[in-house]
Amino acid sequence: MKKLFSILLAACLLLSVCAGALAEDKKVIDHTAYSQFPLVKDGEKLTITVAHIRDAAYGVDVEKMWFWNWAEAVTGIDFEVQQILSNSKGDLLPLMFAGGDVPDLLFGLGLTTTEITRYGVSEGQFKDLTEWITPERMPYLTGWFEAYPESKALCTTPDGAIYTLPGYSNIKYSHGVAGQFAQLNVAWMEANNMAAPKTLDELVDLLYAYKKANPDHTPIAAHATKDPSNGKGNSLMTIFLNAFGFLGDHNEYGHNVSIKDGKAILAAGHQDFKAYLTMMNQFYTDGILMKDYFTADDLAMQTLLTENKSVMAGTLYSILPEVERFQQWKATSPVTSEYCPEPVWLAFNPYKVGNALVGAKVTDEELDVLLRFLDFFYSDLGSSYLWDGPLAGSADLMGFAEGWVYDYSTGTTGSRVFPDVIAKKYASGTEYVKSVIGTNNTGFGNRSHSLEHEELTYFFEIAQYLQEQDLSKVIPYEWARDHGDGWARIWTKENVGPYTIPAFPAIVYFDEDTQEEIDEVRIVMEAHIEANVAKFITGARDLAEFDTFVKELEDLGLRDLEEIYQAAYEAYLAAK
């Protein structure tokens with residue numbers, strides 16, 4: 001990859017359009033005060049190979065991406081970046097590890113604890129970073145480890161190694177919600193005198209009322225989870241599975257770990273799962289779900305929303321960026337039923353792993369430089385650069401974009417805006433950060449709060465401080481209602497946040513033998529669950545055969561797997 005701009009040239013590219021929003025006598029903060037850069041001496045060469053996730057919907061070629069071009073310019077490192085499309089990750093990663101061709105840095109790939117254990121503990125394809133994380137080399141990260149020692153423990157595998165660097169998110173200020181919550185079109189509901197549903201029956205009635213009033217519409221704008229399973233959830237169907245008493249971050253298949261009646265189980269093997277399947281089958285038959293639910297892609301779901309042909313969806317402000325459109329929707333509270341008498345939702349986990357790992361073949365010299373580079377992103381400024389890029393007017397923008405700025409004309413606390421979006425170069429802030437900025441790595445570094453300034457309790461308060469450079473001018477952050485992300489978070493915090501409780505831990509490792517047992521069972525059982533759940537929902541298999549289906553799962557090792565998860569859950573509770 002070429003260094004497209006030198007720092008000297010970039011320093012001349014100050015953003016005139018946003019200069020008025022910043023104090024004229026105020027120097028825009030750049031990386032120099034927060035980093036150890038440059039890391040490679042002039043005349044020397046150090047090449048680091050990288051596997052980096054590229055968003056399939058918004059991503060651009062690495063030559064057009066700000067992040068890696070800036071990183072090369074300021075550090076002196078030559079980054080050779082291999083982009084992996086987000087929708088191809090499930091196919092490409094196993095091939096990469098099978099060939100033993102692991103790059104120096106795996107960045108933003110979102111590896112699960114299972115994958116970290118398999119490729120790190122069992123196969124030795126990752127570098128153990130334990131002894132390398134020192135105050136001299138990584139002063140910011142060691143500060144986080146000291147402040148939150150549990151985060152270090154969550155990065156540590158059963159063999160005592162640290163293969164993954166952590167991510168911090170919303171520790172002090174959060175709406176407290178895990179997974180994908182359901183949003184309802186309250187504008188339609190109010191026009192039809194329908195109140196927010198509190199029970200499962202009321203939610204179902206709402207969906208059918210919408211279908212009756214709009215026969216050619218599809219009430220639920222969703223398709224089956226597309227990400228590789230690996231225990232991941234984040235499906236819109238979570239609200240229904242929770243209502244049937246399965247607490248967790250789900251996909252529609254029920255093979256993730258749930259807590260039900262105080263036990264760690266897989267929903268697909270529980271008798272109450274039949275009631276969920278019965279409802280989903282009725283939804284499918286009656287057109288509440290898309291007829292191509294299991295084969296549809298994002299575009300099909302997005303079309304329903306842009307054409308205003310649904311009443312229930314997930315996070316949608318990136319699809320409907322216009323204020324008058326996204327404000328028609330609000331998060332709905334979890335609903336109750338005979339299976340779940342109290343509304344509950346899975347609490348948010350502020351710690352992440354699996355998004356910054358180092359290949360085992362790096363030399364000591366390469367590792368030292370690489371960790372000093374990564375440490376920057378645990379600083380206040382690095383937190384901004386990792387996701388949103390630099391502030392407007394920063395020389396670090398290098399001409400790739402116009403940055404971001406806080407616009408205080410929109411309310412007491414204002415809102416962060418992107419001049420490039422206002423100028424219609426990008427349709428939304430989401431497109432801006434996922435294309436031209438391009439890191440796509442929210443599971444690494446600091447996306448939480450400031451360790452240096454305790455007053456800055458949230459990610460966006462840090463951003464305000466970076467612009468104002470005066471703590472006395474930083475007003476405690478309030479989400480802007482005319483900003484899509486702010487609107488979604490306001491109503492999620494109000495309508496879902498009060499009902500959150502912890503369930504099965506989001507980050508858990510197993511020893512090698514146990515992990516092998518889990519893998520052997522899951523690789524066969526998950527495929528069987530997914531195929532048959534799809535058949536039950538579409539009617540290709542009669543629900544009268546549900547008990548036979550459960551017996552098939554038991555023969556594949558379902559109950560043994562649940563015993564392993566129950567032991568891990570009990571250990572988690574004992575350690576709290």
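This is a predicted model: local features need pLDDT of at least 70, side-chain atom pairs count only at pLDDT 80 or more; totals for chains, interfaces and linings use all residues.
Residues are numbered from 1 along each chain as its sequence is written, and side-chain values use heavy atoms, with hydrogens and water left out.

The chain exposes about 23600 Å², of which carbon and sulfur atoms supply 51%. Of its 576 residues, 58% count as buried (under 20% relative accessible area; exposed is over 50%, and partly exposed lies in between, with a 1.4 Å probe and protein chains only). Along the principal axes, the C-alpha atoms fill a box of roughly 75 × 55 × 40 Å.

Secondary structure comprises 22 helices and 16 strands, defined as DSSP runs (H or I of at least four residues for helices, E of at least two for strands) and numbered from the N terminus. Contacts are defined by heavy atoms within 4.5 Å. Among contacts between residues at least 6 apart in sequence, 74% join residues at least 24 apart.

The largest nonpolar core contains 188 residues; such a core is a set of buried Ala, Val, Leu, Ile, Met, Phe, Trp, Tyr and Cys residues joined through side-chain atoms within 4.5 Å. The members touching the most other members are W68, W70, L165, I220, F240 and F373. Helix α20 (residues 512-538) contributes the largest share of this core, with eight residues. Beyond its neighbours within four places in sequence, F240 is in contact with L200, L203, L207, I220, Y276, M279, M280, F283 and M312.

The peptide bond from F37 to P38 is cis, with omega near -5°, and P38 is found in the loop between α2 (16-19) and β1 (47-54). D261, although not a glycine, has a positive phi of about 55°. D261 belongs to the loop between β6 (257-260) and β7 (263-266) and is exposed, at a relative accessible area of 70%. Q469, also not a glycine, has a positive phi of about 55°. The loop between α18 (459-468) and α19 (484-495) holds Q469, which counts as partly exposed at 31% relative accessibility.

Conventions:
Accessible areas come from the Shrake-Rupley method with a 1.4 Å probe; for residues, only the protein chains shown count as cover.
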